[in-house]
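This briefing goes through a few parts of one structure, grouped by topic. Please look at the sequence and the model first.

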Amino acid sequence: MKEEIQETIQVLKRGGLILYPTDTVWGIGCDATNAEAIDKIYALKNRPNDKSLICLVSDFKMLNQYVEDIPEVAYDILKYADKPTTIIYQNPIRISTNLIAEDDTLGIRVVDDIFAKELIRKYKRPIVSTSANISGQPTPANFFEISPEILKGVDYVVNLYQSTKNKKPSTVIKLDLDGKVEVIRK
């Protein structure tokens, strides 16, 4: 795993795209602070750039570095969640502007997968995560269902967990600064 993390970090530093396992589905990722790399993901997925992407952070400390005001309820939701949970926060900071939605929000998940958590921790920046499919196509159930155009369109494919079946996509919850909680996806 150590070698995979080192190789993946080198690709991220060069502005490249990675295909990697997460705590939910296989994801296409890049440095969440690199606008050009994010544009490459939108192009590869043939996804309109007004349709938001999410990013992953390694822990609460990193989350605090990229969201200006985190409602207290977010910590409770994450602490007691029984499956991966992405929270849409208002006022993200230090993130590429083409990752932030028009309403100044961004979905962020504190990742629980061993590889993804260690990769992000060592890289010291959030990483974009979007399902490894062309926009509008079904999310692949495992690595072997990922389309050839996605495989060819990334700069590096992580060589771990390829025979493992994907878990389900994360729960998505939107939080307002006033404490309003809205479940977007269960």
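In this predicted model, the largest nonpolar core has 54 residues. Leu19, Tyr89 and Leu99 touch the most other members of that core.

**Leu99**
- Beyond its neighbours within four places in sequence, Leu99 contacts Ala32, Ile38, Leu53, Cys55, Leu106 and Val128.

**Leu56 in strand 3**
- Strand 3 covers residues 54-57 and includes Leu56.
- Leu56 counts as buried because its relative accessibility is 0%, and the cut-off for buried is under 20%.
- Apart from neighbours within four places in sequence, the contacts of Leu56 are Tyr20, Thr22, Arg109, Val111, Ile120, Pro126, Ile127 and Ser129.
- The C-alpha atoms of Leu56 and Lys117 lie 8.6 Å apart, while the two residues are 61 residues apart in sequence.

**Arg109 in strand 5**
- Arg109 belongs to strand 5, which spans residues 105-110.
- With a relative accessible area of 2%, Arg109 is buried.
- The side chain of Arg109 makes polar contacts with the side chain of Thr24 at 3.3 Å and with the side chain of Thr86 at 3.2 Å.
- Not counting residues up to four places away in sequence, Arg109 touches residues including Asp23, Ile54, Leu56, Pro84 and Ser170.

**The hairpin of strands 8 and 9**
- Strand 8 (residues 171-175) pairs with strand 9 (residues 181-185) in the antiparallel sense, over four bridges.
- Ile173 is opposite Val183 of strand 9.
- Five residues lie between the two strands of this hairpin.
- In the turn, Gly179 has a positive phi of about 95 degrees.

How values were computed: Residues are numbered from 1 along each chain as its sequence is written. This is a predicted model: local features need pLDDT of at least 70, side-chain atom pairs count only at pLDDT 80 or more; totals for chains, interfaces and linings use all residues. Side-chain values use heavy atoms; hydrogens and water are left out. A nonpolar core is a set of buried Ala, Val, Leu, Ile, Met, Phe, Trp, Tyr and Cys residues joined through side-chain atoms within 4.5 Å. Buried means under 20% relative accessible area, exposed over 50%, partly exposed in between (1.4 Å probe, protein chains only). Contact means heavy atoms within 4.5 Å. Two strands pair if DSSP finds at least two bridges between them. A polar contact is a pair of N or O atoms within 3.5 Å; within protein, one must be able to donate a hydrogen and the other to accept it, and residues adjacent in sequence count only if both atoms are side-chain atoms.
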